[in-house]
Amino acid sequence: MASLNLGENIEIDTELIKKAYSLAVKAHSKSSEKAYNVEESRRSSDPVIFSFSGCWSENGWYDGEPFGVTEINLPLLFPSLRSIGVNENALVNKAFLQRFVDKILGNSDFDREVQKAVKKNKQILFIGHSSGGSIANLATIWFLEKYIKPEYNYKISPSSPLCVTFGCPLTGNHIFSHALRRENWSRYFIHFVMRYDIVPRILLAPISSIKLEFQKVLQFLNAKSVNLAHASIDNFDASNFYMKVMKNASSVASHAACNLMGNTNLLLETVSNFIPLSPYKPFGTYVFCTGNGKLVILRNPDAVLQLLFFSSQLCREEECTDIAQRSLQQHFGYDNELQDCFQMLNEVHLEPLEQLPLSSDTTSSDIATINSALNDLGLSTRARLCLCAAGELEKRKIGNKESIDLKKPDIEKAMKYLEEDYQLNCRHRDLGCYDAFKLQETSKDFDANVKRLELAGIWDEIIEMLKRYELPDAFEGLRDWVLLGTRYRRLVEPLDIANYYRHLKNEDTGAYMIRGRPKRYRFTQRWREHAERMPAESSGESCFWAKVEELRIKISSQGFEPIKEEVLLLEAHVQNWINLGELSGDVLLEKSTFKKWWEDLPREHKLTSCIKDLKVRKAVTEKKQILFTGHSIGGSIANLATIWFLEKYLRSDSPDNYKISPSSPLCVTFGCPLTGNHIFSHALRRENWARYFIHFVMRYDIIPRILLAPVSSILLEFQRVLQFLNENP
Amino acid sequence: MGTETSSFETSEMLATFLASTPLLSESWRLCNISNTSTPRGFLAEQIGDVGYIAFSGIQTVGNSEEPSCRNLVPLMESDGNALFIALHRLNEGEEPVMVHAGLLQLFLSMHSSTSFQNQMLALKEKSKSIVITGHSLGGTIATLCTLWLLSYFQSISSPLQVLCITFGSPMLGNESLSKAVLRERWGGNFCNVVSKHDIMPRMLFAPQASFTQLHFLLQYWHLSMNCPRFGMLAQLHDEDKAEIFRLVLCHLEVIAQAGEEVAKSLFWPLGSYLFCSEEGAICVDNAVSVIKMMHLLLMTGCPYSCVEDHLKYGDYVEKVSLQYLNQESFMQADIPESSYESGVAISLQSLGIYSQETVARPVKDCLKTARRMGLRPNLNAAKLAVSLAKINPYRAQIEWYKASCDESDDHMGYYDCFKLRDNSKKGAKVNMNRHKLASFWNNVIKMLDNNELPYDFNRRAKWVNTSQFYKLLVEPLDIAEYYRTGMHRDKGHYLKHGRERRYEIFDRWWRERKVSVDENNKRSKLASLTQDSCFWARVEEAREWLDNIRSESDPRKLAFLWENINAFEKYARKLVDNMEVSRDVLLKNSSYNLWVEEWSKLKSQLKKFSPQFPDYVNGEVVP
């Protein structure tokens, strides 16, 4: 059984691809009622195949001028399809998205059948020909969002889906492509494209430029999808259509190439404002069929875009009509072509792009195969240069990533200073870092400010690169950077806020959150929110102080009542953040701005406030000993609370540990039932924690013994005993 | 981009992009129509969202029909209606913006015609973007028209886009014009199509071309444009062509070889140049390279082609517009290995230059320079951002110094502390930091002067804000140092004689920045830095006036001093009332506070002896 190696550990059985194509074409002719079909073979190792039909109306391609795209704003369906830091949603073809949401997701059978396959642990294949391929793309992304949790490994688990398309039009814009690469999902998409097939190129042209011919082309394709043999199109229309699409493709490709190659002429930008440039960008693995049995495989989106244009250029002017006809006929020629290709299985990976031979008559033997593949696609030196430029750009992005990785030790060092020396110093002054920094009383505060500025320099550089997409697409999903970013944000943003309000910049420019918050914090907050699948704007713990400052200003000018809601919200957040350890307990110190402000709130409010009992943290920070105690089951809860405390504050590797060394706790219980098994006991003794627990037991008190009996043996009486105990507290 | 020499040559790719759009061919189509149907005028047309306006190449300049000679005029003086207001701003030390007098006159008279006004209005209403185009002299008028529209749109913050496309047009103005356009970030709005040998765009580099020859040349072109057959009627002799060719080539050579050092030419290229040949086109935007390229390409021509090429833009545009369909085939057998060199080879081929030709080498060098010049500003800006992050701690140290002085027991504030500092380490360190920051910012200014930074550098919020903050914090120390070392006795007061140029430049950046926040929100506390960085210099002058007033007897001079002191008092009080001063100003022993005390003492003395100063006490000057 032969299989096609697509790189990145993905191989597909060639028989499966052939079967997929025939199913994909068959999907067109099935009743128009059902927009998809499922095929499940009896063999349990075979995947379940969902195939999607195409659409042959102009509105089904271009819903709106000029390119029929819409912003994906479906955070529940497609939370990942956006650029995280810059906070921009991807664009997608509106008609395809509509079709997927209405016809596929709107059909409750679809979700059910997918779930069925998942439960059986079967691999799912989403396939489509022509615009059916775009629907398959969206279905696959929907599946990935729903079933595949973000993982940071590079192996495909058995149930990863695959999406295989044939002559599929472009589907989304550069952010779409960026997001799929960031999530490491683009490897699940395999697109087969015939050298001249016009369909994958159509959306590079605005509808206004091809309006005349597009209708006829769609009629032709529709007729062909029903009956392969009996369909024809006028040479004149075919040539015009081909030339117009190619002219627009040329604009898109040369514009992209100018950017890839780093052109700095301002004219480039001006002219792009005068003409509609297609926003679409490829993603996934592209397999180009050269027409003579070779398969050319590449996955760099910039390179694919260039190849889409260059590979269907003419060799000679005279062949225009011929190629124009072929550009339409080939859309249905995948079966024969793939048959030939799979017999030879002559696949060429265009890698590394930046080392492609520039001249078509390169003789050097080690790149002879690549060179002949490039010649088979008709790639001129100019075309090869564009592919190189795409490769160079990717290489540069990786280089940028390496250079900022080298700065990690500097970041760690500066943060360590703030985390250890500076916090300790503040603690000696009975101040939290925020207040100490805002007062700027000692030279330590000055040192901290220098560290803050050093860190800002490094992070701002990273953010600038992200804004210009100069780092690898995967960057914003990298676990170590997300974590480092979160730590940095929690540690240093309070200092920035302190600096902002210390210098009264709020009076010069406005509130910190609106006018002053640096991008380095906005970006890193979004990283975490995305990585942990949190709702947008929900990880604002690092802006705590800015909220306090603004509320202070508001209260002093408007009084308490008008902003009561905001205060309540902040308190709820504080409680939550402190319990999760996301906000340092030092905000509750007696001299803290927050504490002082809170103490001045109306008494009635304070009595019912949810943070009035927020004591554990406070006790810890004030180095008081904590006693956990309980009677009966309360004792068991006290046991667990004590263990939680020990885990959180006393374990040597706990993140809180080095900040404060709290006094040991004590747990005292009275008539407490047994709580854990022998391993529970063993573990506590191993950690040398057993000594913190003291249980008082009366000689005949039955409660500590109850759990020695299985519930079945005491079922009858136990109910009454509990009742009795409850009535006689 | 890490290196100065990037690995790709893109001048040809940019030309390919331009050629793939409908802009070039539509523009030429209209120019052509305008040449035949609306001589001495223009025509307008709407295509989709884009409005086109094309100026006919047939224009009569002045009385002599003579576009040459040195009749450049300062734009500001001839621009009575302030049509080009954005170009009136000047960098000090720069020559004023000059443009061709005859062509300016032509445009101004067109602009004042009602037909022009009406058609422009209609175009502005219907279009999202406007292309202004013209062949030959029409193109230069199109350039003026574009400058006017850009100025106008900027003044009313219109989102309309403007692009100027000229075909074989003579230069319009001097280097200052070109720089002013770049400063406004309009460089990308001008695309000048110049064919390989066309002599017209190069004509003005030769100031003394003979009147009669030119006259015949223009006549020939005008007749041919209007109707190709008529060209024969012009009396253009081969000797005349040869003479003009020789003259222009010879002058161009001198200018091209002078390069950047001395701008010997009166006229200077503006915007981008699209050089086209039978084989393709390339696009270059660096002015020096444009001049060099004009020279090198003309060298490959002959007297005949340099005249005929002016009429062949239709062929060139059609050719490049259809290029996209075919794979380019390489004439040259050996393609260089490196991606940069092969890009250069493609560019040369697009210009129809064979690698064996003698100009091939210099053309390559020229492309290389253009590329480097294009990349440098952005690279420099990125480097500056990094070094800014590195000097930030020095600034932080000064902030720290200010805070500790403002809080110390002597109640003097950082200005007076620094001015009266002893030889302590602390003061010396701050002084050192002051020097380091000054040299960083002086370097920024120097780079800006030398065009080594992006042209819109001084509009970027990051730099405007940082420089302002620097100025507010550090300029008081500069003033303190100035008076501490007694420089004012040698050179005169700081404000007039001692202020560093960088601060004046930062003042201007700050004034010209885009303000989005409403500025009337009132301060509730004293500003952290005094908002007028020259405040202390004014205090120093006021102190001197106060000293002088005691010893002065000349009533005229006294009146003058009174007035000054009153003005200062009013100014300072307003700052204080608006809380635009930082706390150090109001400290007990600050120079300002001491001055206020002394001044009120004097005033109360004055009241006692009021008869001695009847004029002033009864007058309006003293409250």
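A residue is called buried here when its relative accessible area is under 20%, exposed when over 50%, and partly exposed in between, with a 1.4 Å probe and protein chains only. By this criterion A:R181 is buried, because its relative accessible area is 18%.

The structure is a predicted model, in which local features need pLDDT of at least 70 and side-chain atom pairs count only at pLDDT 80 or more, while totals for chains, interfaces and linings use all residues. Residues are numbered from 1 along each chain as its sequence is written, chains are lettered from A and ligands numbered from 1 in the order in which they are written, and side-chain values use heavy atoms, with hydrogens and water left out.

## Salt bridges

A salt bridge is a side-chain nitrogen of Lys or Arg within 4 Å of a carboxyl oxygen of Asp or Glu. Over all chains, the whole structure holds 70 salt bridges. The table gives three of these pairs.

| Pair | Closest N and O atoms |
|---|---|
| A:R181 and A:E394 | 3.3 Å |
| A:E420 and A:K416 | 3.9 Å |
| B:R499 and B:D507 | 2.7 Å |

A:R181 forms its salt bridge with A:E394. This pair links distant parts of the chain, since A:R181 belongs to helix α5 (residues 174-182) of chain A and A:E394 to helix α14 (residues 381-405) of chain A, 213 residues apart. Helices (H or I, at least four residues) and strands (E, at least two) are DSSP runs, numbered from the N terminus.

A:E420 and A:K416 are separated by about one helical turn because they stand four residues apart in helix α15 (residues 408-428) of chain A. A:E420 counts as partly exposed at 30% relative accessibility, and A:K416 is likewise partly exposed, at 47%. In chain B, B:R499 is buried at 15% relative accessibility.

A network of salt bridges links A:R489, A:R490, A:R528, A:E532, A:E541 and A:E582.

## An annotated region and a covered helix

An unreviewed UniProt entry carries the annotation "domain: EDS1 EP" for residues 420-612 of chain A. UniProt positions are given in the numbering used here, with feature names shortened, and annotations may be inferred rather than shown by experiment. Over this stretch the chain is 69% helix and 0% strand, with its end C-alpha atoms 29 Å apart.

Helix α10 (residues 301-310) of chain A is mostly covered, 10 of its 10 residues being buried. Among them are A:D302, A:Q306 and A:F310. At the start of α10(A), a side-chain oxygen of A:N300 comes to within 2.9 Å of the backbone nitrogen of A:D302.

## Two buried polar residues

A:N639 is located in helix α27 (residues 633-650) of chain A and counts as buried at 5% relative accessibility. Its side chain makes a polar contact of 3.1 Å with the side chain of A:T675. A polar contact is a pair of N or O atoms within 3.5 Å; within protein, one must be able to donate a hydrogen and the other to accept it, and residues adjacent in sequence count only if both atoms are side-chain atoms. Contact in general means heavy atoms within 4.5 Å. Neighbours within four places in sequence aside, A:N639 contacts A:C667, A:T669, A:C672, A:T675, A:F693 and A:H695.

B:T466 sits in helix α17 (residues 461-484) of chain B and is buried at 14% relative accessibility. The side chain of B:T466 reaches the backbone oxygen of B:K462 at 2.3 Å. Not counting residues up to four places away in sequence, B:T466 touches B:L388, B:R395 and B:W441.
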